[in-house]
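The following note sets out points for a colleague who is reviewing the model.

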Amino acid sequence: MALDPVRSPLVSGMVHVTDSAEIEEILKSSSFIQVASRVGHSQLIPGALSTLDGLEHSQRRRIESKLFRPDRIEYYRQAALLPSMAAAMDELRSLKDASGVVRTDLVPLTWRMAQAIPAVLAGIDGAGDAAGAATLTTYVKDIAAAVTIGWQVGDHEEILRRGLEARAALRRDFFDSSVARRRNLLAEVRAGRRAAGDVPRDLISLLLQNLRPDEDAGTILAETMMFLMASITTTAGAFPHFIVRLLDWMADHPEYRPELVNQDFIQRAVNESLRFFVASPARLREAREDCLLASTGRRVTAGAKFALWFVPANMEAATFGPDALEFNPLREDGRNRPWGLAFGAGPHSCIGRTVITGFPRRTADGGSAHVYGTMTTLALHLFEAGLEIDPDSPPRLTSSTFYDEYVSLPVTLTAL
Ligand code: HEM
């Protein structure tokens, strides 16, 4: 059983909001800012995009949105995700038992796959092979726990200490050399010895070229860590939930099993599953001035803190139909935003959404096709390999955090 996040001390005394229109109004309103007092944010990722507000936030976001252009997302998929997936499948093949079945745990496997795109997007060299990926994900896990310390259960000082240690290790083992390589390439371009196209188009390069005088390598490190955790932990958390929901649903709808290898169907199912999964138990905001919320008529006083609960907001029958509480990949209601508020709304809404949901694109012959997201690609490969939840080893949810996460999801692959 996952812990109930409403009981977290982090949100005690806050105003709790579950109405989707009110949440959206708060997220989009300039009268509200990110809650800045979170120890983890100020110690680990000061100055990162998610901690900024107003003009500073929109300027940084404009620069970084270049990383999410459709051609870049297709590039990350081809250059990072598909090769990592192929390498992982090869390794799994070597684990076949005498009856040709592979037994593995989907949680560590997902963590490994979930870092493929973010590492390339951020500009972290050296995480491409299995060992590098494993080291990077260990650091990202510890950093993420420290950044989100308010949602963690246990000894907070120890969690923070481990997070700071992981930050130093990430800097030593990956970050400093990645920055140095890009600085050298940029210097060579400036000296006319190289073409601009030789510099990787990633977060670190982008920031090196766009830093303001008051920003330094510390800002780049904070931003890189925030991007890694915002993308890896969310994908790694969401994917096992998606698999469990979809295979549960398939047990009652066996006639749809052939659809498990149909990417359109999988993407719809991913989108539907994200209504039930939230990247953070609640999003937190603080009113910076007195205001009136038009959606509900609530009067807000400056300084009031709000916990915005996306899961109940994503279950509203008015948007998702009378069976909104159930997972239904065939759902037609709510098709304009099938994931509900899963990616937030307003200025801080998820900048990486299309990495997960994919996007439609024009084909050369004037038709249209869909570029599929990370979770769809992972699921397709695994379903083609005969993925099933292992009936002999029950899954386990975490009890060390208020996040709704699996720590273990044993699975079998019968067709590798
Ligand atoms: C299942 C996957 C994901 C979910 C559910 C998710 C959800 C969210 C949500 C709800 C926010 C808004 C936070 C707020 O308003 O306080 C957010 C922000 C963010 N997400 Fe995602 N995300 C996912 C994947 C990704 C990926 C793949 C990337 C990058 C490759 C990414 C990068 C970010 C960043 C950088 C922000 C901060 C944006 C800002 O503050 O302007 N996320 N995400």
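1. Two strands are taken to pair if DSSP finds at least two bridges between them. Helices (H or I, at least four residues) and strands (E, at least two) are DSSP runs, numbered from the N terminus. The model is a predicted one, in which local features need pLDDT of at least 70 and side-chain atom pairs count only at pLDDT 80 or more, while totals for chains, interfaces and linings use all residues. Residue numbers start from 1 along each chain as its sequence is written.

2. Strand E3 (residues 102–105) runs antiparallel to E13 and is joined to it by four bridges; Thr 104 stands opposite Val 411 of E13. Strand E10 (residues 387–389) is likewise antiparallel to E13, with three bridges, and Glu 388 has Thr 412 as its bridge partner.

3. These strands form an open sheet of three in the order E3-E13-E10, with antiparallel pairing. E3 and E10 are the edge strands, each pairing on one side only. On average, neighbouring strands are turned by 30 degrees against each other, direction ignored.

4. Strand E13 (residues 410–413) has Val 411 and Leu 413 on its covered face, and Pro 410 and Thr 412 on the uncovered one.

5. The ligand is surrounded by 25 residues (C-beta atom, placed from the backbone, within 6 Å). The closest are Ser 231, Thr 234, Gly 344, Cys 350 and Gly 352. Helices H6 (116–122), H10 (217–252) and H14 (353–357) each supply at least two residues of this shell; H10 gives the most, with six.

Definitions and conventions. Buried ≥ 20, exposed ≤ 12 C-beta atoms within 10 Å, placed from the backbone. Axes fitted to C-alpha atoms, helices over the stretch in contact; angles between N-to-C directions.
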